[in-house]
Amino acid sequence: MFNKKYIAAFMVFIFGICGWSDYRTVETTAAQNSLSTSAIRFHVLANSDSATDQQLKMKVKENVVNYIYEKTGDFKTVEETKSFITSHDTEIKKIAQKTIEENGFHYTVSSSFGTQTFPVKNYGDVVFPAGDYTSYTISIGSGKGHNWWCVLYPPLCFVDASTGVVPDSSKERLQESLTNQEYHSIVKYRFKYLTFLNKYFD
C-alpha cells in the first residue's frame, strides 16, 4: 500500500506541472500580443514551386533584405522600421523587379504591409507563437509558390532558422518590447557543448 506522504508528494508534483504549463501558455499568449505590434515579419512569395521560381525567390529575398538592413541597421524602434518600409515600398519593389529581370524572368512584383495570421514558427532559439503579426509581403508573379520568411525587426533574417542562435543584440531588442516572463516564454535555452540535451528544452 502506498505511503500517504508519497501520494501527496506525487499529487503536488502533478499539479505543479499542470500549473507551470498553464503559466507558460498565458505568458506565451501575452508575448504574442506584444510581438504583434513590436516585430515586423517578412514574406517573399514565389511565383510557383518550380525549382527555378524557388531559386529566384531566394535571390529576390537576399537583395531586398540587404537593402532594408543597410538602410535600417541603426534603427532602434519598430516605428522607425515601419516608416522606412512604407515610405520606400516603391524602391524596394524596384530592387525585386530588377533582380527578377536580371535573372531572365518577366514576373510582376506586388507588395502589402499590414496584419497577417501566422502559425507558430521556430527561428533559431526563439519561438514566435501563432497569431496575428505586422507583416511586409512581396509577391513574385502569381505568388502561389511556397514562401520564405524572416523577421525584419528586430533583425533576424540572417540567422540559421533550423540550428542558429539569435544574436544577443537582436534578443535585446526583443526583450525591450516584452516583460521578463514573456521574453523567457519564447526564448529556448540552448546548451553550447552538451547539445544532446537541447531537445529537452524544445
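These legends go with a set of close-up views of a predicted model.

For all views, the structure is a prediction in which local features need pLDDT of at least 70 and side-chain atom pairs count only at pLDDT 80 or more, while totals for chains, interfaces and linings use all residues. Residues are numbered from 1 along each chain as its sequence is written, and side-chain values use heavy atoms, with hydrogens and water left out.

**View 1. The whole chain, for orientation.** The chain has six helices and six strands, taken from DSSP runs (H or I for helices, at least four residues; E for strands, at least two) and numbered from the N terminus. Follow the sequence and you get α-β-α-α-α-β-β-β-β-β-α-α. Of the 202 residues, 41% count as buried, meaning under 20% relative accessible area with a 1.4 Å probe and protein chains only (exposed is over 50%, partly exposed in between). The chain exposes about 11,700 Å², with 57% of it from carbon and sulfur atoms; areas come from the Shrake-Rupley method with a 1.4 Å probe, and for residues only the protein chains shown count as cover. Among contacts (heavy atoms within 4.5 Å) with a separation of 6 or more, 71% are between residues 24 or more positions apart.

**View 2. The four-stranded sheet.** Here's an open sheet in the order β2-β5-β1-β6, with mixed pairing; two strands pair if DSSP finds at least two bridges between them. β2 (109-118) and β6 (147-153) sit at the edges with a single partner strand each, so one side of each has no neighbour in the sheet. From one strand to the next, the twist averages 25°. Helix α3 (residues 78-87) lies across β1, β2, β5 (131-140) and β6, and runs at about 30° to β1. Axes are lines fitted to C-alpha atoms, for helices over the stretch in contact, and angles run from 0 to 180 degrees between N-to-C directions.

**View 3. Strand β6 and its partner β1.** β1 (residues 40-45) pairs with β6 in the antiparallel sense over six bridges. Look for V44 opposite W148 and H43 opposite W149. Six of the seven residues of β6 are buried, so the strand is largely enclosed by the rest of the structure.

**View 4. The cis peptide at P154.** The peptide bond from Y153 to P154 is cis, with omega near -5°. P154 belongs to the loop between β6 and α5 (168-176).

**View 5. Helix α2 against helix α4.** The axes of α2 (residues 51-72) and α4 (residues 89-102) come within 9 Å and cross at roughly 145°. From α2, the contact uses L56, K59, V60, N63, V64, Y67 and I68; α4 brings E91, I92, I95, A96, T99 and I100. Sorted by class, that makes nine nonpolar, two polar and two charged residues. Ala, Val, Leu, Ile, Met, Phe, Trp, Tyr, Cys and Pro count as nonpolar, Asp, Glu, Lys and Arg as charged, and the others, Gly among them, as polar.

**View 6. The surroundings of L35.** L35 is found in helix α1 (residues 4-38) and, at 1% relative accessibility, counts as buried. Leaving aside neighbours within four places in sequence, L35 is in contact with F128, P129, Y133, L174, L178 and I186. L35 and D132 are 97 residues apart in sequence, yet 9.0 Å apart in space, C-alpha to C-alpha.
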